[in-house]
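Q: Could we go through this model by asking, for each label, what the label rests on?

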Amino acid sequence: MTSESALQGLISAAYGRSFRVECGDGRTRDCVTRGKRTDYTCGDEVTIAAQGGDQGVITGCAPRTSLLYRSDQWKQKLIAANVSQALIVVAPVPSFDLEVLDCCLAAVAHAGIRPLIVLNKSDLPQSAKSLTALNPYTALGVQLLPLTARDSVDALRPLLAGQRSVLVGESGMGKSTILNSLLPRAEAHTREVSAALGTGKHTTTHARLYHLDERSELIDTPGVQAFGVHHLGVGELAAAFIEFRPLLGQCRFRDCRHLNEPGCALDEAQAAGHITPRRLAVYRRLAEAHQRNARPDWA
Ligand SMILES: Nc1nc2c(ncn2[C@@H]2O[C@H](COP(=O)(O)OP(=O)(O)O)[C@@H](O)[C@H]2O)c(=O)[nH]1
Ligand SMILES: [Mg+2]
Ligand SMILES: [Zn+2]
């Protein structure tokens, strides 16, 4: 009978409250959490107590260099930890939602992660329209990579080298296609999961980390319909809209929420054409919703 031994490991898959951990001894173990703490995610560096039979219990987690998550009024959903960049995948068909993109970019900026917008399915004629819609983001300094993952992902490879990247986006944009072209091994895995679920569809059901090479990893995540940023307070939200950053602190009122206060620097910047009315309107909708929800009805 062996006693529990402590090991360091990397969470490579998160299935609700179970985690697959790649341990320092070269073995992979299925782990559960101990006590109330369950807020671990793919990419976390954890300490586990090995328990034999390739099982273990997570007992601790190293401080994170970054944490990407989304949230609604009620709960938070951790997406990935310790990533250096986020590949936000959009496509002309099915059409993507600009507001979901704005929210996603805000969460990415808040987490201090580099964003990269991938416009997949560039082979489709509708992609010209998508490119036009995405132009304002290139103007903000966000890199945009048009791609046809079905044909080749070679343009993406150099951007992934030496990085830990996370694929995020709405369903159907081509995240799994990108992953499978980068790593044919991953395709076998997606097929196994869909066979096990009996869906026949290669749907990503949980976050999973793949090693592209010794220095580069890619985390695939399930598609989202919405990317809630309720975890950002009004001040954090304004700072997460990156083009607002240089303007913050320049409003007439120091505690300006940039909603309808007089002398707001964001209104002036919009009037001068420095920020787009659309992004400002999205910010205001999110900030108003946050304020409404953060306060109980009776207050
Ligand atoms: N025309 C075209 N279709 C693509 C491309 N990449 C993926 N698709 C298709 O888009 C659909 C959704 O792809 P999938 O990778 O499952 O998207 P996910 O939900 O983001 O993982 C599939 O039918 C793919 O064959 C592409 O570059 N061009
Ligand atoms: Mg997928
Ligand atoms: Zn203001």
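Q: Which domains does the domain assignment of the protein give?
A: The model is a predicted one, in which local features need pLDDT of at least 70 and side-chain atom pairs count only at pLDDT 80 or more, while totals for chains, interfaces and linings use all residues. Residues are numbered from 1 along each chain as its sequence is written, and chains are lettered from A and ligands numbered from 1 in the order in which they are written. With bounds that come from an automatic or database domain assignment, the protein has domain 1 (5-61), domain 2 (79-220) and domain 3 (234-294).

Q: What is in contact between domain 2 and domain 3?
A: Two residues are in contact if their C-beta atoms, placed from the backbone, lie within 7 Å; by that criterion 7 residues of domain 2 are in contact with 9 residues of domain 3. On the domain 2 side, helix H1 (residues 98-110) supplies the largest share, 5 residues. The residues of this side that touches domain 3 divide into 4 nonpolar, 1 polar and 2 charged, where Ala, Val, Leu, Ile, Met, Phe, Trp, Tyr, Cys and Pro count as nonpolar, Asp, Glu, Lys and Arg as charged, and the others, Gly among them, as polar. The C-alpha centres of domain 2 and domain 3 lie 29 Å apart.

Q: Why does valine 229 count as buried?
A: A residue is buried if 20 or more other C-beta atoms, placed from the backbone, lie within 10 Å of its own, exposed if 12 or fewer, and partly exposed in between. Valine 229 has 23 C-beta neighbours inside 10 Å, and therefore counts as buried. Valine 229 lies in the loop between S13 and helix H6 (234-240), and, not counting residues up to four places away in sequence, touches Arg70, Ser71, Cys103, Ala106, Ala107, Leu237 and Leu286.

Q: What makes helix H4 (residues 175-182) mostly covered?
A: Helices (H or I, at least four residues) and strands (E, at least two) are DSSP runs, numbered from the N terminus. In H4, 8 of its 8 residues are buried, among them Lys175, Ser176 and Thr177.

Q: What makes one face of strand S4 (residues 45-50) covered?
A: In a regular strand the side chains alternate between the two faces of the sheet. Val46, Ile48 and Ala50 form the covered face of S4, whereas Glu45, Thr47 and Ala49 form the uncovered one.

Q: Why does the radius of gyration of the protein agree with that of a compact globule?
A: The radius is taken over C-alpha atoms, and the globule rule is 2.2 Å times the number of residues to the power 0.38. For 299 residues a compact globule would have a value near 19 Å, and the protein has 21 Å, so the two agree.
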